[in-house]
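Please brief a reader new to this structure on its charged residues. Keep the points plain and grouped by topic.

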Amino acid sequence: MELKEINQKLKETRDELLGIVNALNGDQLSKRKEPNSWTISQVCQHLIKTEELYVMAIKKGLKSTEDSFSENKPQWEFLVDRSNKIEAPDIAKPDDEALEGKEIIEKLNHSREKLNEVLKTVEDPSLLSRRHFIHPVFKEMLLIEWVRSLYLHEQRHIKQIIEIKDGI
């Protein structure tokens, strides 16, 4: 999948997320489906933190000067499958602060701007398929896979948000 296609998927997925968040009130954003589960606000905080961490990883990977010969192409279908529970690393976990819809949208827009800024600095997009950075779960990943997994990760959490919304 080329960067242009991935960027389109990133945009479509983010537009869907923003539409959902925009339609929710503060009460819906801060309610839990189950006692120890995340609120919709916390799911969004997790998405913001993850995108910010991915931006840092992509920047570091771009600083590398050697090509990667990694054949590790994770099977991303499992990422969207909500029946597979994946524990977020501590660094990407949300805090207990309940954010209002407007603030969530601002932070989501800001994290996406940072991603777009980094991607715009890449003069040769094939570089994303030649450089890698170590992912805490998936190990050595090409930078293009980092970018691609972002929209899939977001699609997973859109499903979670819908589950929460329907369950409260």
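Is Lys 59 buried or exposed, or partly exposed? Lys 59 is partly exposed, with a relative accessible area of 45%; buried means under 20% relative accessible area, exposed over 50%, and partly exposed in between (1.4 Å probe, protein chains only). This is a predicted model, in which local features need pLDDT of at least 70, side-chain atom pairs count only at pLDDT 80 or more, and totals for chains, interfaces and linings use all residues. Residues are numbered from 1 along each chain as its sequence is written, and side-chain values use heavy atoms, with hydrogens and water left out.

**Helix H3**
- Lys 59 lies in helix H3, where helices are DSSP runs (H or I) of at least four residues and strands (E) of at least two, numbered from the N terminus.
- Helix H3 covers residues 40–63, and 17 of its 24 residues are buried.

**Salt bridges**
- There are 15 salt bridges, each a side-chain nitrogen of Lys or Arg within 4 Å of a carboxyl oxygen of Asp or Glu.
- One of them joins Asp 67 and Arg 130 (3.4 Å, N to O).
- Asp 67 is in the loop between H3 and helix H4, and Arg 130 in the loop between helix H5 and strand E1, so the pair ties together parts 63 residues apart in sequence.
- Arg 82 pairs with Glu 163, the closest N and O atoms being 2.9 Å apart.
- Arg 82 is buried at 16% relative accessible area, whereas Glu 163 is partly exposed at 33%.
- Arg 14, Glu 51, Arg 112 and Glu 154 are linked in a salt-bridge network.

**Backbone**
- Lys 139, in strand E2, has a positive phi of about 65° although it is not a glycine.
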